[in-house]
Amino acid sequence: LLSANGIDPSTITTIAILMNVGNVGVTLLSVQLMDKAGRRALLLGSAAGMCAAIGLLTLALTNPGHAWTSPMAVLAVVGFVMAFGIGMGPVTWLLPAELFAMDKCAKGSGIAASSNWLANFVVVQTFPTLSNSLGGFCFLPFALVLLFFIWFAHAYVPETRGKTLEQILSEISGPPPPQHSNRGLHSPYSTGSPKQQTWQPF
């Protein structure tokens, strides 16, 4: 795809080298940041960075032949991989285990992992068609998916860093329903009452 849109082979080689080196570096960095910045912040920042990288890459692919095309393509691809490696790559494997109750953790994590691999399969199978149909704009559908993910994660995904499972599940399920007071309504069969009355003869 890069060569078909005017990116020379030497630039593609540079992208491949920097992409792999950057991916290893940011993955090691993300291990440190998970317990400092938090899982949710890494996910949101990662998705936003990937979105921005797709914008730059689309600009480079749709404007071949300029002096800035190759450097921008390098920056976009390497930036995309590094943004993925800092959050969307590692956090998505850790976070599901922190969002389910103990009796549902194995099943929930299994479904999350299966969904992850299924999404990878769908991308691999559909990308050639997108590339042939959209040309240099073929990455924009993935940017739309990322924008939806940013909204969803911001609205519904809780931060799990430094919290107990009970706190996390409470945030997911929402606040408990209000307790209605039964003041003034006492059953004759109740064992306790707010005020013990003593019988006195006339």
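Which side chain meets that of Glu98 in a salt bridge? In this predicted model, the partner is Arg39, with a separation of 2.8 Å from N to O. The pair connects distant parts of the chain, as Glu98 lies in helix H5 (residues 96-99) and Arg39 in helix H2 (residues 39-61), 59 residues apart. Both Glu98 and Arg39 are buried.

The structure contains 2 salt bridges. Asp103 and Lys104 also pair through their side chains, at 3.4 Å from N to O. Asp103 is classed as exposed because its relative accessibility of 64% lies over the 50% cut-off. In general, oppositely charged side chains can pair when their charged atoms come close.

With regard to overall architecture, the protein comprises 8 helices and 0 strands, giving the pattern α-α-α-α-α-α-α-α along the sequence. Among contacts between residues at least 6 apart in sequence, 74% join residues at least 24 apart.

The largest nonpolar core consists of 27 residues, of which Leu57, Met88, Val91, Phe139 and Leu146 touch the most other members. At least two residues of this core are supplied by each of helix H1 (9-33), H2, helix H3 (69-88) and helix H7 (140-156). H2 provides the largest share, with 9 residues.

Of the 202 residues in the protein, 28% are buried. The accessible surface amounts to about 13300 Å², and carbon and sulfur atoms account for 68% of this area.

Conventions:
Residues numbered from 1 in each chain as written. Predicted model: local features only at pLDDT ≥ 70, side-chain atom pairs only at ≥ 80, totals over all residues. Heavy atoms only, no water. Salt bridge = Lys/Arg side-chain N within 4 Å of Asp/Glu carboxyl O. Helix = DSSP H or I, 4+ residues; strand = E, 2+ residues; numbered from the N terminus. Buried < 20%, exposed > 50% of the residue type's maximum accessible area, 1.4 Å probe, protein only. Core = buried A, V, L, I, M, F, W, Y, C linked by side-chain atoms within 4.5 Å. Contact = heavy atoms within 4.5 Å. Areas by Shrake-Rupley, 256 points an atom, 1.4 Å probe, with all protein chains shown as cover.
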